[in-house]
Amino acid sequence: MSDMATDRITVRLDPGQRRRLEARARRDGSSESEEIRRAIERYLRSSEKPVTCYDLARRLGIIGCVRTSPRDLSTNRKYLQGFGR
């Protein structure tokens, strides 16, 4: 990170958090600052785009898994007649 411009920020940790951070940095062979930057990056990346139900279903491989249903089940309105009554 020495070749890029950075801003300094102060964060307060309780003693338990500090010990865990130090142990993690030692175990990974990195600095405490690097561990914090990685954690912040993971957090920010995970909150950028919400995961939709479609994304989850696609990831699980369950889209199109019902072999005996009509091919247009999700797009043809006639299959929705009486749904919810």
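**Before you start**

The model is predicted, so local features need pLDDT of at least 70, side-chain atom pairs count only at pLDDT 80 or more, and totals for chains, interfaces and linings use all residues. Residues are numbered from 1 along each chain as its sequence is written, and side-chain values use heavy atoms, with hydrogens and water left out.

**Stop 1: the largest pocket**

Select Asp7, Ile9, Ser33, Ile36 and Arg37. Of the 20 residues that line the largest pocket, these lie nearest its centre. A pocket here is an open set of points on a 1 Å grid over the protein atoms alone, where a 1.4 Å probe fits, with protein on both sides within 12 Å along at least five of seven lines; lining residues have an atom within 4 Å of a point. The volume of the largest pocket is about 710 Å³. Volume is the space filled by probe spheres set on the points, which are joined across faces, edges and corners.

Now colour helix H1 (15-28) and helix H2 (32-46). These are the elements that give two or more residues to the lining of the largest pocket. H2 supplies the largest share, 9 residues. Helices are DSSP runs (H or I, at least four residues), numbered from the N terminus.

Colour the lining by type next. The largest pocket has 8 nonpolar, 3 polar and 9 charged lining residues. Ala, Val, Leu, Ile, Met, Phe, Trp, Tyr, Cys and Pro count as nonpolar; Asp, Glu, Lys and Arg are charged; the others, Gly among them, are polar.

**Stop 2: a nonpolar patch**

Stay on Ile36, which sits in helix H2. Ile36 counts as partly exposed because its relative accessibility is 35%. The classes are buried (under 20% relative accessible area), exposed (over 50%) and partly exposed (in between), with a 1.4 Å probe and protein chains only.

With Ile36 they make a nonpolar surface patch, and together they have about 380 Å² of accessible area. Patch residues have over 30% relative accessible area and no salt bridge; nonpolar side chains (Val, Leu, Ile, Met, Phe, Trp, Tyr) are joined within 5 Å, like charges within 9 Å. Areas come from the Shrake-Rupley method with a 1.4 Å probe; for residues, only the protein chains shown count as cover.

**Stop 3: salt bridges**

The structure holds 9 salt bridges. Each puts a side-chain nitrogen of Lys or Arg within 4 Å of a carboxyl oxygen of Asp or Glu.

Show Arg24 and Asp28. Their side chains meet in a salt bridge at 3.0 Å, N to O. The two are about one helical turn apart because they are separated by 4 residues in helix H1. Arg24 is partly exposed at 35% relative accessibility, and Asp28 is partly exposed at 34%.

Arg27 is exposed, at 60% relative accessible area.

Together with Arg24, Arg27 and Asp28, they are linked in a network of salt bridges.

Move to Arg45 and Glu41. Their closest N and O atoms are 3.7 Å apart in a salt bridge. This pair lies in helix H2, 4 residues apart, so about one helical turn separates them. Arg45 is partly exposed at 48%; Glu41 is partly exposed at 40%.

**Stop 4: the second largest pocket**

Select Ile62, Gly64, Cys65, Val66, Arg67, Ser69, Pro70, Arg71, Asp72, Leu73 and Ser74. They line the second largest pocket, which holds about 250 Å³ of space. Its lining has 5 nonpolar, 3 polar and 3 charged residues.
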